[in-house]
Amino acid sequence: MTHTLRARLRAGDPAAFGQVFDDHAGQVHRHAVRATGSWATAEDVVSLTFFEAWRLRENVRPDGDSVLPWLLGIATNVLRNTRRAARRHSAALSRLRIETVPDLADEVTDRMRDADRLTAAVAALKRLRPADREVFMLCVWSGLDYAQAAEALGVPIGTIRSRLSRARARLRDLTEMELAPRRGQVQGGRIKAARSHQEETR
Amino acid sequence: MNEMPGREPLPAPTVPDLSADRHRELKDVFMQTITEAPQRTAARRRWALIIAPATVATVAAVAIGAVTLTGPKANDASNAIAPTVASDSGDDAGPLLERIAFTAAAQPGTTVGADKFVYVHSKVAFAGQPKGRGSARLDPVHDREIWLPQSKGVTAQFRENGKMVRIPDVTPNSAYANLPTDPDALLKRVYKEGEVFSKNGAGPDANAFQYIGGAVSESLLPPKVTAALYRVAAKIPGVQRVKDSVDAAGRHGVAVGRTDQKGERHVWIFDARTFAFLGERSYLVKDMEWGKAGMLTGTTAVLKRGVVDKVGQLPR
């Protein structure tokens with residue numbers, strides 16, 4: 001069944017792509033919202049991911065189970081370089097009416113708390129090295145296992161393991177800093193200082 | 001699944017699902033794009049594709065239109081098909097790129113403040129792939145304006161076909177403007193940065209070449225950086241001189257190009273007298289599932305660059 005689906009994707013069967021869209025667009029969207037913190041941008045990322053999937057369809061592995069890792073790998077690439085992807089697919093993108101989509105911040109009050117948490121989470125993720133952040137998002141937030149994350153990113157499993165443990169360690173450090181005694185803005189400044197130091201030395 | 005040492009330090013934030021309506025709308029656009037029926041017969045369509053930029057570029061429209069009536073010839077420099085499509089020219093691009101770099105280095109630089117945006121106005125068209133076994137289709141050539149922040153963390157926006165699109169987390173202009181000018185360091189760097197494109201299957205040399213293309217096309221760089229990028233491009237294996245090429249605005253110029261391992265050639269076009277960057281062009285050099293040799297896959301022309309205070313403003 002899955003083999004058949006992969007073969008159909010590789011052959012450019014639109015119905016197979018329609019099925020994959022139905023099955024996975026929601027997960028790709030959730031991944032993109034969490035990565036960007038922006039509802040509208042996430043929709044563009046979903047579209048770009050599927051356009052890229054169509055363009056790169058011959059790269060689907062002939063065998064394997066769910067194609068979600070492959071899609072999230074493409075989404076990761078799109079998120080890395082939205083500008084290039086958007087440029088390539090601008091004609092299709094321009095058919096979407098994004099102006100009707102509110103940003104999370106504009107949503108009604110009962111969503112405000114979620115929105116605040118999302119903003120905080122996105123800000124925390126930004127403190128990670130990009131490669132570590134991608135692995136953390138794929139494994140922890142989108143639930144891929146090591147092998148699937150390795151497939152998505154095209155790197156060895158050992159690399160996934162070490163990036164993930166570095167991401168977790170770094171996030172724990174940041175959490176401890178958050179919990180440390182603080183006054184007003186001072187704590188943010190400390191984290192920022194720690195981060196830029198680390199970034200400069202890497 | 002993954003062994004979890006204690007609680008996750010940062011659990012996934014709750015986000016609302018993509019609504020059924022939006023799911024349907026996004027899917028409709030996706031399905032339309034990939035299944036779109038060709039509008040003309042196959043034989044005509046291929047030529048329609050290649051001619052598309054010329055019909056929009058007012059200067060060249062008449063001349064190139066005439067060429068289409070007599071049919072394209074591979075060596076006719078004025079038709080929109082690549083003049084050297086059969087094989088790589090074999091001409092070393094080194095001397096030309098050195099000339100281009102030398103001229104670029106002598107240009108007056110523009111300072112871009114940390115809180116400013118770089119504005120670039122260009123004409124662009126790229127090919128999409130409408131159907132499993134059908135040919136790709138080039139968009140109509142259209143205007144593209146981008147407001148690219150100088151600094152990281154600021155959202156860029158671009159406008160095409162009347163629609164503004166936001167790009168958070170964009171690679172800022174400074175990422176290119178601050179590239180090292182030391183040739184060895186820069187060469188290493190462009191290969192490293194080119195890894196972003198590794199999924200395209202075009203190969204590391206092609207990816208490095210593509211990275212440089214992106215760095216020089218939509219940006220405003222210190223003259224020294226621009227020059228260093230062209231000198232580094234000359235060191236990438238397979239970069240060759242292309243006798244004549246034409247940008248998306250119909251401007252002809254001297255050009256350098258590189259054919260990737262999949263069979264697509266990417267060309268940068270420069271003014272033949274001033275050696276200023278005019279635009280890019282890419283086309284297939286061999287028949288592929290989705291297009292024949294000579295088919296245009298992308299064309300651009302940079303018309304204006306400048307610095308502005310905020311998105312939406314135009315440089316004076």
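**Exercise 1.** Determine what share of the contacts in chain B between residues at least 6 apart in sequence join residues at least 24 apart.

*Solution.* Two residues are in contact if their C-beta atoms, placed from the backbone, lie within 7 Å. Among contacts in chain B between residues at least 6 apart in sequence, the share joining residues at least 24 apart is 57%. The model is predicted: local features need pLDDT of at least 70 and side-chain atom pairs 80 or more, while totals for chains, interfaces and linings use all residues. Residues are numbered from 1 along each chain as its sequence is written, and chains are lettered from A in the order in which they are written.

**Exercise 2.** Describe how helix 2 of chain A packs against helix 1 of chain B.

*Solution.* Helices are DSSP runs of H or I, at least four residues, and strands are runs of E, at least two, numbered from the N terminus.

**Exercise 3.** Identify which element gives the largest share of the side of chain B that touches chain A.

*Solution.* In total, 43 residues of chain B are in contact with 59 residues of chain A. Helix 1 and strands 1, 4 and 5 of chain B each supply at least two residues of this side. The largest share, 10 residues, comes from helix 1 of chain B.

Definitions and conventions:
Axes are lines fitted to C-alpha atoms, for helices over the stretch in contact, and angles run from 0 to 180 degrees between N-to-C directions.
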